[in-house]
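Biologist: I'd like to learn how to read helix packing and chain contacts. Could you walk me through an example?

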Amino acid sequence: MTERNPESMGESNRVLTVENLTVQYGGVPAVDGISFHVDAGELVGVIGPNGAGKSSTLLALVNAVRSSSQRLELSGASIAGKAPEYVARHGLALVTEGHHIFGELSVVDNLKLGRVARSSAAGLEEDMEWILGLFPILREFHSRSAGLLSGGQQQQLAIARALISSPQLLVLDEPSLGLSPTAVDTVFAAIEAVRQRGVAVLLVEQRAQQAVAAADRTHVLSEGRVTMTLTPSDASNSELLTKAYLGS
Amino acid sequence: MIPLLQSLVDAVSAGAIYALAALGIGLVFGIMRLANLAHGEIITGSAYTLIFLWEFSWPLALIASAVVGVVIALAMNFAVFHWLRAQSPATLLIASFGLSILFQRLYDAAFGTNVRTAPVGSGLSQSIAMGGIRINILSVITIVLGVVLLIAVHLFLTRTSIGLQVKAASSDFRMARILGVRSGFVIAITFAISGLLAAAVAFALTTQSGAVGPTFGVQATLFGLVGAVLGGLSKLSGAVVGGFAVGVVLSLFTSWLPPWANDFRTALVYVFVIIALVVAPNGLLAGRSKKDRT
Ligand SMILES: Nc1ncnc2c1ncn2[C@@H]1O[C@H](COP(=O)(O)OP(=O)(O)O)[C@@H](O)[C@H]1O
Ligand SMILES: [Mg+2]
């Protein structure tokens, strides 16, 4: 386990800054003053047991739950207290836990909704080609009702829809949850491709080992606090990962 | 006895009116979980506009009544419902009930309790003879108007980006916002469309009666709402079919029931509705598997 000095990189290429974020439900803190950041081109992981506050953290970023913080910035501009649609239109694409596709709409219509947050139509064709290259199944099933897709296909659709907005930061909440092994591989390969393309990624995952190996650094969240920060070299240290989950 | 085909045409025309009312109510319910009882007062506002302007200039009257419908609907949204967006459906329903009463009082104060009259669409209330039966031109025009508007709303919802956003927000409001859909905008658009639909209902109804009073829109709204609930408020097509069915049944009762029973036709419709809702509590056409989110 190593610590990185967050100041060493400067903040010029900082995509997301979170300082002292707190989320409470009925006075009970679910997220208890956490701080982290994501720089351009980085993949940052968040792992932790059920109920640790991972989803609450992500929902707080887009203000889909009430939160308080010292700083909440997207590319240097404050997003604290801004409406979810504002945050989306300023470059943060969130794929929620359980992915929430629109089941009664076709695959194409779901994808079209990804364009809503996109700032310009320039480059849409190329982006679309790239995205459908990551998830060929969506091209095949483009006119099918999204509700008829399998869980893994729906997850792919949700990620594709998020990518069409051409975000600066892609935020994923347990994208591998309930997926078949093949679908998990497709999703992780896509995440790697997204990072290769220079899009910053914030990844909440259950598969701790896989997440830690893929991410530049992975924060372990327990009872609403960051208890550890792991680097890829920790991925093979199963003792440490187990400890991370038990909440050291 | 009124010939079968003629009464069928009249029934379909009544069905078209209530289908439009149910669609306007269903659209707003979809995006707001608001069963807007004040929808009738939008209809009334548009109807007064038709009555007052018709003899001056009928094209102006048509345009103005549409504008008035949209303006009243938007005003209701921005003055009341916008502030209650996070409240429960029950709270919204009660607020709309209050708004409905308020508007009725305002109409009463402004235009009096007695009906105002004008020969709206009088040129249309002739019948044409076709092979021994007489068909009312007005009924045909109402049916055409209904079909055109239903198709227009369908195309808007399925073929335009804004329509797609309205659909998305209706099915999962939070996810739609996370995708960048502007909540205030899609709600305003939906109210505006419900205002337009209310104006269409106002036109169809005023051409029939030529008389408008403060509670003019109440019946259409009540039956539209009943139809929408019957068909399943959570699904627009269900609401439309439900509204249509209520209109058809009401109209057939009027033509076929013996005169003494006609006083009970509204009660009979409700008996129908109660039976239907006991059989299918979520509406006759609601999907079985899908649980409504709260
Ligand atoms: N809408 C909510 N209302 C009340 N409590 C909630 C709500 N959402 C989450 N919680 C609680 O907050 C804590 C953190 O939940 P969550 O952020 O979903 O954790 P994770 O995603 O890490 O499993 C849990 O104890 C959970 O029960
Ligand atoms: Mg979670």
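Predicted model: local features only at pLDDT ≥ 70, side-chain atom pairs only at ≥ 80, totals over all residues.

Biologist: Fine. How do I describe two packed helices?

Modeller: Two packed helices are described by the angle between their axes and the distance between the axes. Take α1(B), residues 4-32, and α5(B), residues 137-159: their axes come within 8 Å and cross at roughly 30°. Angles under 35 degrees count as roughly parallel, so α1(B) and α5(B) are roughly parallel to each other. The crossing of α1(B) past α5(B) is left-handed.

Biologist: Which residues of α1(B) and α5(B) meet?

Modeller: From α1(B), the list includes V9(B), D10(B), A16(B), L20(B) and L27(B). Among their counterparts in α5(B) are I143(B), G146(B), L150(B) and L157(B). By class, the residues of this α1(B)-α5(B) contact come out as 12 nonpolar, 4 polar and 1 charged.

Biologist: And how do α5(B) and α8(B) run relative to each other, parallel or antiparallel?

Modeller: Look at the angle again. α8(B) covers residues 183-209, and with α5(B) it packs at about 175°, the axes being 10 Å apart. Over 145 degrees counts as roughly antiparallel, so that is how α5(B) and α8(B) lie. On the α5(B) side the contact involves L138(B), T142(B), L145(B), L149(B), V153(B) and F156(B). α8(B) contributes residues including I189(B), I193(B), L197(B) and F203(B). The α5(B)-α8(B) contact has 11 nonpolar, 3 polar and no charged residues.

Biologist: What about chain A: at what angle do α3(A) and α6(A) pack?

Modeller: About 35°, with the axes 7 Å apart; α3(A) spans residues 107-114 and α6(A) spans 151-164. Here α3(A) passes α6(A) in a right-handed crossing. V107(A), N110(A), L111(A) and G114(A) of α3(A) make the contact with L157(A), A160(A), R161(A) and I164(A) of α6(A). That contact divides into 5 nonpolar, 2 polar and 1 charged residues.

Biologist: Now the interface. How is its size given?

Modeller: Often as the accessible area lost when the parts come together. Between chain A and chain B about 1800 Å² is buried, and carbon and sulfur atoms give 63% of that. In residues, 21 of chain A are in contact with 18 of chain B.

Biologist: How many salt bridges cross the interface of chain A and chain B?

Modeller: The rule finds 1 there. R177(B) and E85(A) meet through their side chains, 2.6 Å from N to O.

Biologist: And over all chains, how many salt bridges does a search of the whole structure find?

Modeller: It turns up 13. One case within chain A is E19(A) with R71(A), whose closest N and O atoms are 3.1 Å apart. This pair links distant parts of the chain, 52 residues apart: E19(A) sits in strand β1 (residues 14-25) of chain A and R71(A) in strand β4 (residues 71-74) of chain A.

Terms used
Residues numbered from 1 in each chain as written. Chains lettered and ligands numbered in written order. Heavy atoms only, no water. Axes fitted to C-alpha atoms, helices over the stretch in contact; angles between N-to-C directions. Helix = DSSP H or I, 4+ residues; strand = E, 2+ residues; numbered from the N terminus. Parallel < 35°, antiparallel > 145°, perpendicular 65-115°, else oblique. Left-handed = near helix turned anticlockwise from the far one by under 90°. Contact = heavy atoms within 4.5 Å. Nonpolar A, V, L, I, M, F, W, Y, C, P; charged D, E, K, R; others polar. Buried area = accessible area lost by both parts, 1.4 Å probe. Salt bridge = Lys/Arg side-chain N within 4 Å of Asp/Glu carboxyl O.
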